Amino acid sequence: MKLPTPDPTAQAYSDKLSEIIRQEIIQAGGFITFARFMELALYAPGLGYYSAGQHQFGKGGDFITAPEISPLFSQCVAQQFKQILCELGKGDILELGAGTGVFAKDLLLELEVLDNLPEHYFILEISAELRARQKKILSLHCPHLLPRITWLDSLPTAMDGIIVANEVLDAMPVHCFSIDNSGIKERCVTWDKDHFTWLLTAPTTPTLAQSISLLLQEYALPKGYESEINLGLSAWIKSIAASLNRGVILLFDYGYGRAEYYHAERKMGTLMCYYQHQRHDDPFKLIGLQDMTAHVDFTTVVDTAATAGYALAGYTIQAAFLLNCHLLELAQKKVITSIAQFNQIQAIKKLTLPSEMGELIKVMALSKNYTKQLCGFPLPDRRRDL
């Protein structure tokens, strides 16, 4: 695929990051895991995709998230949050990875209309550049709510309320593997002549070897099968789960239950790259300038949460969640021009159509010391897919 050519400044950043990764490969003895490569490409201080000040989100970026498509997304989520906060009596909201701040802005403004503002709105954001963008947009659109908003450097402890993450888990580094005639191979990264390329090795850790062996016991994966596995997912879920005394964790992300994720026909995995709204599968292009994602194994999420004392309160597709939270009714509340109405209809299609975000993004609710049926999850119930 022919991708757009980056400007000289961006290319210079990419070249600098590529050299840093190349030197790490040399110091490591000739290769590094793909998880380490992905971590550096996305999060290397000052140079990684999420830390170098690139404009990743929206129409001028590399991809667009649901809150950027329409405020209706955040307004629907507010309906679910209202129910939870009312049931708890009081509570806080913690947003993980708040992107541009658009979701927080639209959500808080809608909760204000609903007379259900949280006591505190916490944002945990590792990117200094994104944190600055969030502060700017919130200061511009809802300055009167700033006293409720706090940016955190680490997870809180013992909060009551809601933890929400929208398209956060799919940006976590993953290990890549393949199955060949000799068994399990890890797909690592090396430098060959003048470019990064794949290198097949034995699994670099016992944990990885054991995890893939368990998959092979459960699923008939054919020779030549390639996929990925997020070894950090369970630890991440445990750390998030420990932050909440009472309330709900709400996750929006691309993903599947494990049986669908590791289906024999999904033989090339889910690893994907995005650059200026073009989608491709080569992670070794445009280092630090393109996004890289891998789908979420939601079975691992719920299994880990269960060990931390959480119940699965709901699992469905994004379209169903939004419709259950009154998407169509909210769309009809305001009188708008014909042009705005056309744009709104296109946004609703993007959010709900099966070929767009509607079925690709799943919504999972995990509850702790909270038993009320959540309004966003009555039908369709997709928990059987886990």
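## Briefing on the predicted model

Leaving aside neighbours within four places in sequence, Leu-3 is in contact with Tyr-275, Gln-278, His-280, Lys-285 and Leu-286.

- One of the contacts of Leu-3 is Lys-285, a residue that is 282 places away from Leu-3 in sequence although the two C-alpha atoms are 9.2 Å apart in space.
- Gln-23 belongs to helix H1, which covers residues 8-27, and with a relative accessibility of 29% Gln-23 counts as partly exposed.
- Between Gln-23 and Ala-12 the separation is 11 residues in sequence and 17 Å in space, taken from C-alpha to C-alpha.

**Helix H6**

- Helix H6 runs over residues 128-141, and its 14 residues reach 20 Å from the first C-alpha to the last, close to the 20 Å expected at 1.5 Å a residue.
- The buried residues in H6 are Leu-130, Arg-131, Gln-134, Ile-137 and Leu-138; seen down the axis of H6, they fall within an arc of 135° and so line one face of the helix.
- An α-helix has 3.6 residues a turn, so residues three or four places apart point the same way.
- Exposed residues Ala-128, Lys-136 and Leu-140 are carried on the face of H6 that is turned away from its buried side.
- Helix H5 (102-113), strand S3 (121-124) and strand S4 (149-152) are the elements against which the buried residues of H6 pack.

**Helix H7**

- Helix H7 comprises the 13 residues 206-218, which should span 18 Å at 1.5 Å a residue, and the 19 Å between its end C-alpha atoms agrees with this.
- In H7 the buried residues are Leu-208, Ser-211, Ile-212 and Leu-215; viewed down the axis of H7, these fall within an arc of 90°, so they line one face of the helix.
- Turned away from the buried side of H7 is a face that carries the exposed residues Pro-206, Gln-210 and Gln-217.
- The cover over the buried residues of H7 includes strand S6 (175-180), strand S7 (183-192), strand S9 (226-229) and helix H9 (258-261).

**A pocket and a cavity**

- The second largest pocket has a volume of about 410 Å³ and is lined by 19 residues, with Pro-71, Leu-72, Gln-75, Lys-334 and Gln-344 lying nearest its centre.
- At least two residues of the lining of the second largest pocket are supplied by each of helix H3 (66-69), helix H4 (71-88), H5, helix H12 (327-331) and helix H13 (338-352), and the largest share, 4 residues, comes from H5.
- H5 is also one of the elements against which the buried residues of H6 pack.
- The lining of the largest cavity is formed by Leu-169, Met-172, Val-174, Asn-230, Leu-233, Ala-294, His-295, Val-296 and Asp-297.

**Cysteines**

- The number of disulfides in the structure is 0, where a disulfide would need two cysteine sulfur atoms within 2.5 Å.
- For Cys-188 the closest cysteine sulfur is that of Cys-176, at 9.1 Å, which is too far for a bond; Cys-188 is buried, with a relative accessible area of 0%.
- For Cys-325 the closest cysteine sulfur belongs to Cys-375, at 4.3 Å, which is likewise too far for a bond; Cys-325 is buried, and its relative accessible area is 0%.

**Backbone details**

- A cis peptide bond, with omega near -10°, leads from Leu-379 to Pro-380, and Pro-380 is found in the segment after strand S16 (361-368).
- Asn-369 is also found in the segment after S16; its phi is near 55°, a positive value in a residue other than glycine, and Asn-369 is exposed, with a relative accessible area of 59%.
- Lys-193, although not a glycine, has a positive phi of about 65°.
- The place of Lys-193 is in the loop between S7 and strand S8 (195-201), where Lys-193 is exposed, with a relative accessible area of 76%.

Technical notes: Residues numbered from 1 in each chain as written. Predicted model: local features only at pLDDT ≥ 70, side-chain atom pairs only at ≥ 80, totals over all residues. Heavy atoms only, no water. Buried < 20%, exposed > 50% of the residue type's maximum accessible area, 1.4 Å probe, protein only. Expected span 1.5 Å × (residues − 1). Arc of directions from axis to C-beta. Contact = heavy atoms within 4.5 Å. 1 Å grid on protein atoms, 1.4 Å probe; cavity = no way out; pocket = protein on both sides within 12 Å on 5 of 7 lines; lining within 4 Å. Points joined across faces, edges and corners; volume = space filled by probe spheres on them.
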